[in-house]
Structures are given as C-alpha cells and as structure tokens.
Amino acid sequence: MPLEGFDQANTEMTSPSTSVTRCCIVGGGPAGMMLGYLLARAGVPVVVLEKHADFLRDFRGDTVHPSTLQVLEEIGLLGKFNRLPQRKVDHLGVRIGDRLQPVIDFRGLKPFNYLSLVPQWDFLDLLADEGRRYPHFGLRMCHEAVGLIEAGGRVTGVRVRSPEGEVMVKADVVVACDGRHSTLCEAAGMTRRDYGAPMDVLWFRLPRKDTDPEETFAIVGSGHMMVLLNRTEYWQAAYVVPKGSDETLRAQPIDTLRDSVAKLAPFLADFIRELASWDNVKTLVVRVDRLEHWYRPGLLLIGDAAHAMSPIGGVGINLAIQDAVAAANALAPALRERKLIDDALLRQVQHRRLPPTRFIQVLQVQIQKRLITKALAQSGEPPNVPAILRWLLQFRVVRNIPARLIGYGFRAEHVRTGENLQQA
Ligand SMILES: Cc1cc2nc3c(=O)[nH]c(=O)nc-3n(C[C@H](O)[C@H](O)[C@H](O)COP(=O)(O)OP(=O)(O)OC[C@H]3O[C@@H](n4cnc5c(N)ncnc54)[C@H](O)[C@@H]3O)c2cc1C
C-alpha cells in the first residue's frame, strides 16, 4: 500500500522521471533486502532498486549462519524462515583419503547450534514479501543504477535504467549494496585494497543418492580439493582450482573435470555424466578485498560492495546481513527525523563493521596461504593432518571454536530498530 502522494515504490514523484525518497538502496541481495526491510519496518520510506527481474538466480551463496538466524529471530521472521525448504547442518568435516576428520561443530553452541542451507532466492523472496507489509517499503525490480547524482560534493541520488527509460531517484542517503562488482563504488571513484586469493572455485550440481554420505564436507586429494554441500536431492559442489586456471581448464574436454571429481569422491561416479558440459559449471572468481573508506557524503557502501570475502567459511551472506543491521541501527533514527545524514553517522557504520570484517578476512587469507595453496600444489600422497591437531579435534569444545568464529563471528549486531507503522 503506497503512502499518500507517493508512487507504488513509496517515492514522491517530483516529475515523471524523478522520484524522491529518504533512503535509496541499490542492489536487492542479502544486504540490500535486509536493510530495506529493517528501514521500512522502522517507518522510513525506502526504495530498493534491483537490476534483475527476480531473485531466481542459481549459484548464489546459500549458507545462513547462526548470526543471521539470531537476526531473524529478533525481527520475528524465524518461524517463516524455518518453513522455507532447507537443510540444517550441525557439523562439518574434511575427508582426506578414507578418513573423515571432524573439524567444525556447532553442537553445544547457543542460541543456535546449526547453520541452514537455504536457496538464497527463497530467503530474499521472504524478505521482499515481508517488506511489502510495510507502507514505507518500495522494491523496484528491473531497475539498474547506472550512475550517481551529485550536488555540492554530496551524493543526492542515482540515475537508473528502467523499463520506462532512464529515471532518477533522489534520496537523503544512497546505500550501495550492489555486490562485489559495485557500479556505485566505481562511479564514486573509491579504491579497493586487494588481499589476494590463490584459487578460484568451479560451482556445479550433481544428483545425490540415498546411499551417499549424509555430511556436508570438504575432500582433499593430491593437488585437488572440493567442498560438497548436501542439498538433499543434489550435491552442490565447489571444486577449487588454482587462480586463473579457468580458461585452460575449459579448453579441455569436460571429462577432465568429471574424472578428477570422480577420483576425489568415488560415490559421485554413477552420476558424473550429468555434468553434461562446461555450461553447467559456473566459475566463482575468488577475491578478498576491502574499501578503505566505506562512505562519501551522502553515500554508504556495505556487504560485498564494501568487502568481497573468500568463500572459506561461507560467511559472505552473513556479513552482508550484519552490515545491514548495523546500517539500519545507525541511520533509521536520523532518517525518520529527517536529520542530515552526515559523515559522522556513515563513519559509525564503518567503525562498527570494519573490525569483524578485517578479522575474518585475515583468517581467510591465512587459511588460503597455509592450507589451500599447499593442498593445490601437493603431488603424490594427499596431505596429512598433524597428529597433535587430530588429537585436539577429537574434543567437541575444540571443534566449537571454528564453529563460533564463522557462525557468530565477533561483535554480533542486534536489531535496535523497532517496528513503526507511523508515516515518517
Ligand atoms: C557462486 C557463489 C557461491 C557463493 N557461496 C556462498 C555461500 O555458500 N555462503 C555465503 O555466505 N556466501 C557465498 N557467496 C557470497 C555471497 O553470495 C555474497 O557474499 C553475498 O550474497 C553478498 O551479499 P550482498 O547483498 O552484499 O551482494 P550480492 O548478493 O552480490 O547482491 C547484489 C545485488 O545487487 C544487484 N545489482 C548489482 N548491480 C546493480 C545495479 N547497478 N543496480 C541495481 N542492482 C544491482 C545484483 O543483481 C544483486 O542482486 C557465494 C558467491 C558466489 C558468486
């Protein structure tokens, strides 16, 4: 239900091609949809622009960690989230040769002792449907931000390619949630620091049989490694390859990949021909980078737009959600009261979210250097887990440590914006 004087997307129409709102969010991924939902719930007119027609894109991250489950509980959406098709995972291991080494264990952690594997589009649809319950929520699909509008050194809106042609959305603040290839980051001329990654990831599905292992786990072989996510009917496979080798691999017949996968996980051999061609394989170019400054006057960047994460630990969605909660906590009161969104407020978000982001990125870079680079360079026998580590990992309390680090991170964000149905 749009507000009086506002269009369907709750923007005030100042001309047929220009609309005005309080907060314009660019990108309807986890960061943008959660921020849009939280602001609308707090009574702030908000517009989320998403360039695609729907959320139904394959090959997106699907791991919803305890930190996100906690946020969902705080906003009263956990019940509805639990009704989405999902698989709960409470421990993870690494298979080396015939041996499955337990490494990560959520059991015993509170308040959530598992992570959920949920198709990301279902999660985003849930946030969109719930957002639409609030009169201040506007979601415009097929709207691609193509540039910034600036006045007096401040970002005042975005130029948008839409089905109706180019339009402008003006706002008190623009939040870029447009992912790791952020158009707005580039338009604002902001620089990213690259921390490097030795690998890329080939992402594909294979059918799963009832007799296959139940676990979600990593497999390390000689010079190869792969993560298999149990999605009940199918395996979501993430096959790790040396950085930049994608083109050379794709020049070879698909059998090269099939053989290597079947060697790593012999139980997949029966259905390996279902991997029909390279068209079924998506390459995730792994990047670990971060903006030095996450804001400029009138503009804030969060989620992957501010920091691309390595896939290690599957933390990308969850950090994006934590950023969104921190941004909503900082911005909602000022937006509701129509106060100027000054740099001090935007800086608050960066100060809050930079330490946990940096901490996880440092961990990821160390794991990349010390484990993944070595595993990919290994020839002959697969690597061994040192005996002392094997001994330590037999204790659940030790396996709880990595589970807590990736599941909850540190500095958990709690939703401080209440529900407010009054017009701002
Ligand atoms: C193959 C793959 C597997 C992954 N696996 C996992 C995993 O298992 N677990 C995990 O936690 N993370 C995973 N990730 C990372 C995770 O998906 C991201 O970290 C997370 O989605 C970031 O959320 P975000 O909202 O910041 O950005 P995104 O999810 O990238 O969302 C950005 C949105 O902005 C839209 N957009 C982009 N440009 C514009 C524009 N100019 N105008 C309007 N809209 C625009 C895009 O269409 C998109 O919907 C994976 C990523 C990939 C690519």
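How many bridges pair β11 with strand β12 (residues 165–176), and in which sense do the two strands run? In this predicted model, six bridges pair the two strands, in the antiparallel sense. β11 and β12 form a hairpin. Two residues lie between the strands. Within the pairing, serine 162 stands opposite glycine 165 in β12.

β11 also pairs with another strand. Strand β10 (residues 144–151) and strand β11 (residues 154–162) are joined by seven bridges, again in the antiparallel sense. Here glycine 147 stands opposite arginine 159 in β11. β10 and β11 form a hairpin too, with two residues between the strands. In this hairpin, glycine 152 takes a positive phi near 55°. Strands of a sheet pair through backbone hydrogen bonds, either parallel or antiparallel.

An open sheet is built from seven strands. Their order is β7-β6-β15-β16-β17-β14-β18, and the pairing is mixed. β7 (99–105) and β18 (282–284) are the edge strands, so each pairs on one side only. On average, neighbouring strands of this sheet are turned by 25° against each other, direction ignored. At one end of the order, β18 runs antiparallel to strand β14 (residues 199–207), and three bridges join the two. Tryptophan 203 has lysine 282 as its bridge partner in β18.

Three strands form another open sheet, in the order β4-β8-β5. Its pairing is antiparallel. The edges are β4 (63–64) and β5 (87–89), each pairing on one side only. β5 is joined to strand β8 (residues 115–117) by three bridges, and the two run antiparallel. Valine 89 in this pair stands opposite leucine 115 in β8.

The domain assignment of the protein chain gives two entries. Domain 1 comprises 12–57 + 120–195 + 287–368, and domain 2 comprises 199–242 + 244–284. The C-alpha centres of domain 1 and domain 2 lie 33 Å apart. Contact between them involves six residues of domain 1 and four residues of domain 2.

One cavity of 30 Å³ or more is counted. The largest cavity holds about 110 Å³ of space. Its lining has 15 residues. Ser67, Leu319, Gln322, Tyr408 and Gly409 are the lining residues nearest its centre. Three helices, α8 (316–336), α9 (343–377) and α11 (396–408), each supply at least two residues of this lining. By residue class, the lining of the largest cavity divides into eight nonpolar, five polar and two charged residues.

β15 (216–220) and α7 (254–264) each supply at least two residues of the lining. α7 gives the most, with three residues. The lining of the second largest pocket divides into seven nonpolar, six polar and three charged residues.

Notes
Residues numbered from 1 in each chain as written. Predicted model: local features only at pLDDT ≥ 70, side-chain atom pairs only at ≥ 80, totals over all residues. Heavy atoms only, no water. 1 Å grid on protein atoms, 1.4 Å probe; cavity = no way out; pocket = protein on both sides within 12 Å on 5 of 7 lines; lining within 4 Å. Points joined across faces, edges and corners; volume = space filled by probe spheres on them. Helix = DSSP H or I, 4+ residues; strand = E, 2+ residues; numbered from the N terminus. Nonpolar A, V, L, I, M, F, W, Y, C, P; charged D, E, K, R; others polar. Axes fitted to C-alpha atoms, helices over the stretch in contact; angles between N-to-C directions. Domains from an automatic or database assignment. Contact = heavy atoms within 4.5 Å.
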